[in-house]
Amino acid sequence: VSDNFFTTEIQVDGDVNLFDNGFGVSCFNESDGSIDVIISGGTGPTTYTYSWTGSNGFLSNDEDLNNLFAGDYTLVVSGSDGCSSDPVTYTVTEPSEIDIQVITTPVSCFNGSDGIIQVIVNGGVGPYLFTSNIVGQTSPFGQIQEGVTTDVAIDLNAGTYDNIIIQSNPGGDGCQITLDPIVITQPSDAIGLTTLIVNPTSCPQASDAYIEIEVGGGTPNPLT
């Protein structure tokens, strides 16, 4: 028997490559997962062919896989000697989807600056970084701590706040979401008073004088 001839079972060893968030893909519904395998054994010398199957009709004959969505991937390796490995299944995981809730409080008076934007985040991988890339504007948000999923911007003028970006796991393999423009409203105009009638007392000692005014602008609450 030649020293170069041997018979062993075909062995499959491999791993799903993990991002620093601990998952097999970087963000929910991304397709950047990968699996690397090492094959050994068979009646040698032998060459191998690879048969991968996965969810949604996935098929591949490559040794290693890239650009994968989350899911299960099963490999069977066949040798040129006619032998095959047992099926081996690898699971590519993903972070949960980032869910964002935005709560706004309008400016209370015309031309005031007490508007509020509250952003609540669930899912993904913390911590979260809230930034605003508006040219000439300082971001009303900042870095918050691990485990805290809410950030609040206060003392805002009325207007539209856009380019607000939320990053999960900033500095690592994080995910980024740009929010739709957020509008902070205010009363339509400043409160204005118009004097319509000034009626004096009918006699020096009487108390029947009155003033009639008209109020406009602001937001009826009612006005008092």
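Two aromatic pairs are counted in this structure, which is a predicted model. A pair of aromatic rings is described by the distance of the centres and the angle of the planes.

**The Trp52–Tyr90 pair**

- Trp52 and Tyr90 make a tilted pair, with 6.1 Å from centre to centre and 45 degrees between the planes.
- This pair links distant parts of the chain: Trp52 belongs to strand 3 (residues 48–54) and Tyr90 to strand 7 (residues 88–92), and the two are 38 residues apart.
- Trp52 counts as buried because its relative accessibility is 1%, under the cut-off of 20%.
- Tyr90 has a relative accessibility of 9%, so Tyr90 counts as buried too.

**The Phe58–Tyr73 pair**

- Phe58 and Tyr73 form an edge-to-face pair, with centres 5.0 Å apart and 85 degrees between the planes.
- Here, too, distant parts of the chain are linked: Phe58 sits in strand 4 (residues 58–60) and Tyr73 in strand 6 (residues 71–79), 15 residues apart.
- Phe58 counts as partly exposed because its relative accessibility is 23%.

**Negatively charged residues**

- Asp13, Asp15, Asp36, Asp62, Glu63 and Asp64 form a negative surface patch.
- One of these patch residues, Asp36, lies in strand 2 (residues 33–40).
- Asp36 has a relative accessible area of 36%, so this residue is partly exposed.
- Asp180 is found in the loop between strand 14 (175–178) and strand 15 (182–184).
- With 64% relative accessibility, Asp180 counts as exposed.
- Asp180 and Asn163 are 17 residues apart along the chain, and their C-alpha atoms are separated by 7.8 Å.

- Most residues other than glycine have a negative phi.
- Asn56 is not a glycine, yet its phi is positive, at about 60 degrees.
- You can find Asn56 in the loop between strand 3 and strand 4.
- Asn56 is exposed, as its relative accessible area is 83%.
- Asn67 is not a glycine either, and it has a positive phi of about 55 degrees.
- Look for Asn67 in strand 5 (residues 65–68).
- Asn67 has a relative accessible area of 61%, so this residue is exposed.

Note on methods: Residues are numbered from 1 along each chain as its sequence is written. This is a predicted model: local features need pLDDT of at least 70, side-chain atom pairs count only at pLDDT 80 or more; totals for chains, interfaces and linings use all residues. Side-chain values use heavy atoms; hydrogens and water are left out. Rings of Phe, Tyr and Trp (its six-membered ring) pair if their centres lie within 6.5 Å; planes under 30 degrees apart count as stacked, over 60 as edge-to-face and the rest as tilted. Helices (H or I, at least four residues) and strands (E, at least two) are DSSP runs, numbered from the N terminus. Buried means under 20% relative accessible area, exposed over 50%, partly exposed in between (1.4 Å probe, protein chains only). Patches are made of residues with over 30% relative accessible area and no salt bridge: like charges are joined within 9 Å, nonpolar side chains (Val, Leu, Ile, Met, Phe, Trp, Tyr) within 5 Å. Accessible areas come from the Shrake-Rupley method with a 1.4 Å probe; for residues, only the protein chains shown count as cover. A salt bridge is a side-chain nitrogen of Lys or Arg within 4 Å of a carboxyl oxygen of Asp or Glu. Lys and Arg count as positive and Asp and Glu as negative; His and the chain ends are not counted. The place of a charge is taken as NZ of Lys, CZ of Arg, CG of Asp or CD of Glu.
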